[in-house]
Structures are given as structure tokens and as C-alpha cells.
Amino acid sequence: MLIAADKFKGSLTAVQVAERVTAGLHRVAPHVEVEALPVADGGDGTVDAAVAAGFERREVRVAGPLGGEVDAAFALRGDTAVVEMAEASGLQRLPAGVFAPLTASTYGSGELLRAALDAGAATIVFGVGGSATTDGGAGMLAALGARFLDEDGEPVSPGGGSLRELATADLSGLDPRLASVDVVLASDVDNPLTGPKGAPAVYGPQKGASPDDVAVLDAGLAHFVAVLEKAIGSKAAEYAVAPGAGAAGGIGYGALVGLGARFRPGIEVMLDVLGFGPALERATLVITGEGSLDEQTLHGKAPAGVAAAARAADKEVIAVCGRLALPPEALGRAGIRRAYPLTAIEPDVARCIAEAGPILEDVGERIGRDFLI
């Protein structure tokens with residue numbers, strides 16, 4: 001049996017999900033072999049999933065989204081690094097209840113990428129999601145050697161709100177090692193950079209952006225593209241509408257235009273990196289899941305990716321979750337035979353969040369009774 005589940009956001013890490021389900025299964029089938037392969041789709045938890053799969057955890061001090069230093073981690077195995085932008089520039093790095101939609105910067109993400117280069121990475125899987133930022137990756141590129149100056153020749157201030165002051169952009173100083181490194185942009189978001197489906201409009205409100213802030217950020221990012229177009233040509237505008245450009249407040253755009261990154265759906269990349277294929281071959285039943293199984297799950301989230309790969313290998317899939325908001329038909333189309341929500345055992349959502357671990361063990365026991373006895 002293979003457990004390949006994502007985190008239950010705000011309650012359990014992906015590693016803890018696997019541990020709790022395994023404990024429940026072993027209550028009714030103590031000798032059943034369970035293999036755990038925690039997964040992630042590029043967002044927060046991606047480094048933890050890589051470490052659980054055997055990568056080495058490396059820690060480094062970098063700038064957080066507000067400029068203060070934070071301890072961030074990336075994962076390394078051989079010459080492959082897994083870098084998670086949320087480690088440096090994620091909402092998780094903001095003080096509780098504090099948002100900074102106009103000033104939060106991705107500078108620390110650039111420092112994290114530079115640390116991966118220093119460690120000898122030849123391939124960098126750059127997982128993006130859960131960002132506190134909407135700066136188009138300008139901060140990240142600045143940390144890697146790009147220069148973004150205002151009309152007075154001074155560096156523009158951090159954050160997407162200052163991009164409207166940008167007069168010139170110079171990418172010639174970017175770290176030369178980037179030219180020989182394969183950077184894979186891993187995300188479950190394929191939005192363009194700007195417009196009604198762009199990063200500010202769709203994701204800005206989650207980062208505390210008011211309607212006026214969204215307008216400022218969208219205009220700033222559009223101006224960013226225009227200035228870059230003068231510096232590097234038409235590809236700057238082409239990348240702005242490419243899939244993934246709007247990921248994580250536009251850091252996807254920065255990766256495409258400045259790092260030479262190639263976009264791939266995050267869960268597909270991570271399943272490859274984590275060694276899901278061989279684990280799937282060994283499995284007779286696959287358990288996947290995440291905190292909420294809903295419409296978003298069907299659009300590139302980890303459980304959908306796991307289920308698609310398992311179905312292609314003719315392996316049966318069931319799911320665990322905190323909350324289930326998909327009908328059986330939708331689950332079936334996704335390749336999931338049955339879902340087990342925590343709320344089926346404890347209807348009180350607040351208790352499900354607070355006591356997710358023990359309740360998930362009870363769910364694991366139910367799965368064991370249904371499938372192993």
C-alpha cells in the first residue's frame with residue numbers, strides 16, 4: 001500500500017498525514033506493508049516532501065518578504081535542488097494578521113536560488129505557490145544580479161507597488177551560472193501575469209490587496225513588462241501571457257523571462273523528482289489526499305496528479321481529506337474510487353482542524369476495515 005498525500009494545510013504536514021493514516025491502518029492490519037511518499041505540487045511543503053523522499057535539507061539565512069532575515073531551506077540530492085519560494089517569500093513568513101501586498105518582495109527567493117547554485121545544482125526544481133508577494137519576480141531577479149532603476153538611476157523600492165516607478169531594466173548582470181542550469185518552474189497555476197485572470201486580480205486579495213491595490217499592482221506589472229521589452233525584446237511580452245507567468249504573484253514570469261525556466265505542472269514534476277513511478281509499481285492500493293477535496297483539486301493539485309498517474313498504471317486510488325466538496329461522480333472522473341473526510345467522523349470542522357491527527361488515525365482504521373479485512 002502506498003500513501004502519497006499532500007499536507008492538510010493548517011493542521012498536518014504531508015509526512016504527518018502519512019504517519020497518522022499508517023497508524024490507523026496498523027490498528028486493524030498490523031503486518032500490512034505501507035510505503036509513505038509525501039507529495040506536494042510546488043507550493044508550501046515542497047521541500048519537506050523532497051526531504052522525506054531522501055533529499056538533504058540545507059538551511060540558509062535569506063531576506064523574508066518584508067526584508068528581515070529568515071531561516072529558509074532548500075533540498076538537495078546529487079546535483080538536483082528543490083527550491084520552494086514560500087520558504088523565503090511565502091505568506092507563512094509574515095507576522096500573524098499582517099499583509100503587505102504592495103511592498104512584499106521575492107528578494108529572498110533569489111537568495112535561495114543562489115544558495116542552490118552555490119551548492120552545485122545543475123537542475124533546480126523551483127516550486128512556486130503560497131506567496132506573500134506580487135512583484136513579478138523583480139526582487140528575485142535583483143538578488144541574482146539584475147538591476148531595476150528609477151528615473152534618478154536609483155534601485156526601485158521592493159514590492160510590486162513600486163514597479164510603476166521603473167525606468168530601466170538590465171538583466172545582463174544575472175548570475176552567469178543560470179545559463180548552464182536547468183530551471184523547472186513547478187506550479188499548479190497557469191494564469192497569465194496581468195489582466196482579469198492575472199496574478200493581482202485572482203490572487204492579490206488573498207494577500208491583503210484591496211481593489212485599489214489590485215489596480216496598482218496590475219498596472220505596475222504591465223509597466224514592468226513594457227520596460228523589460230525595451231531591454232530584452234519581444235519575448236518579454238510573450239512570456240507575460242505564457243502559462244505559469246502569473247504563478248506566485250508573478251514570480252513565474254520572472255523565472256521564465258530571467259532564469260530561462262520551463263514551466264511544468266507542479267505535481268508532475270514532483271512525482272518525477274520524488275520517485276513516484278517505482279513506488280507506484282510496488283503498490284496494490286494508493287491513498288492520496290489533501291486538506292480540502294474540492295473543485296481546485298481537479299485543476300492540477302496533488303491528489304489529482306497522483307490519481308491520474310495511478311489510473312494510468314491501473315492502480316486503485318482512495319483519498320483522505322479534512323473536507324469533501326466533490327460529488328462521487330467528480331471523484332470517479334478524477335480516478336478516485338472513494339474519499340474519506342474527517343468530517344464523516346467529526347462533523348465539527350473546528351475540532352477536525354484542531355484534532356486532525358487522532359481523527360485521521362480513525363479514518364485510517366476505517367480504510368483498513370474496508371479494504372484490508
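How far is the sulfur of Cys-321 from the closest cysteine sulfur, and in which residue does that sulfur lie? The distance is 9.8 Å, and the partner is Cys-352. The legends below describe close-up views of a predicted model.

View 1. A disulfide needs sulfur atoms within 2.5 Å. Cys-352 is in no disulfide, its nearest cysteine sulfur being that of Cys-321. The disulfide count comes to zero. Cys-321 has a relative accessible area of 0%, so this residue is buried. Cys-352 is buried because its relative accessible area is 5%, and the cut-off for buried is under 20%.

**View 2. Ser-89 is a buried residue of helix 3.** The helix covers residues 85-89. Ser-89 counts as buried because its relative accessibility is 0%. Its side chain makes a polar contact of 2.7 Å with the side chain of Ser-109. Leaving aside residues up to four places away in sequence, Ser-89 touches Pro-65, Ser-105, Thr-106, Gly-108, Ser-109, Ser-131, Ala-132 and Thr-133.

**View 3. The largest nonpolar core contains 55 residues.** Ile-124, Phe-126, Phe-148, Leu-228, Tyr-253 and Leu-259 have the most contacts inside this core. Helix 9, residues 247-258, gives the most to the core, with seven residues. In soluble globular proteins, nonpolar side chains tend to be buried together.

**View 4. Tyr-253 and its contacts.** Tyr-253 is one of the residues with the most contacts inside the largest nonpolar core. Residues up to four places away in sequence are not counted here. Beyond them, Tyr-253 touches Gly-136, Leu-193, Phe-224, Val-225, Leu-228, Ala-236, Tyr-239, Ala-240, Gly-244, Ala-245 and Gly-258. Leu-228, one of these contacts, is also listed among the residues with the most contacts inside the core.

**View 5. Helix 10 is mostly covered.** The helix runs over residues 266-274, and seven of its nine residues are buried. The buried residues are Gly-266, Ile-267, Val-269, Met-270, Leu-271, Val-273 and Leu-274. Just after the helix, Gly-275 takes a positive phi of about 80°.

Note on methods. Residues numbered from 1 in each chain as written. Predicted model: local features only at pLDDT ≥ 70, side-chain atom pairs only at ≥ 80, totals over all residues. Heavy atoms only, no water. Buried < 20%, exposed > 50% of the residue type's maximum accessible area, 1.4 Å probe, protein only. Helix = DSSP H or I, 4+ residues; strand = E, 2+ residues; numbered from the N terminus. Core = buried A, V, L, I, M, F, W, Y, C linked by side-chain atoms within 4.5 Å. Contact = heavy atoms within 4.5 Å. Polar contact = N/O pair within 3.5 Å; in protein donor to acceptor, adjacent residues only side chain to side chain.
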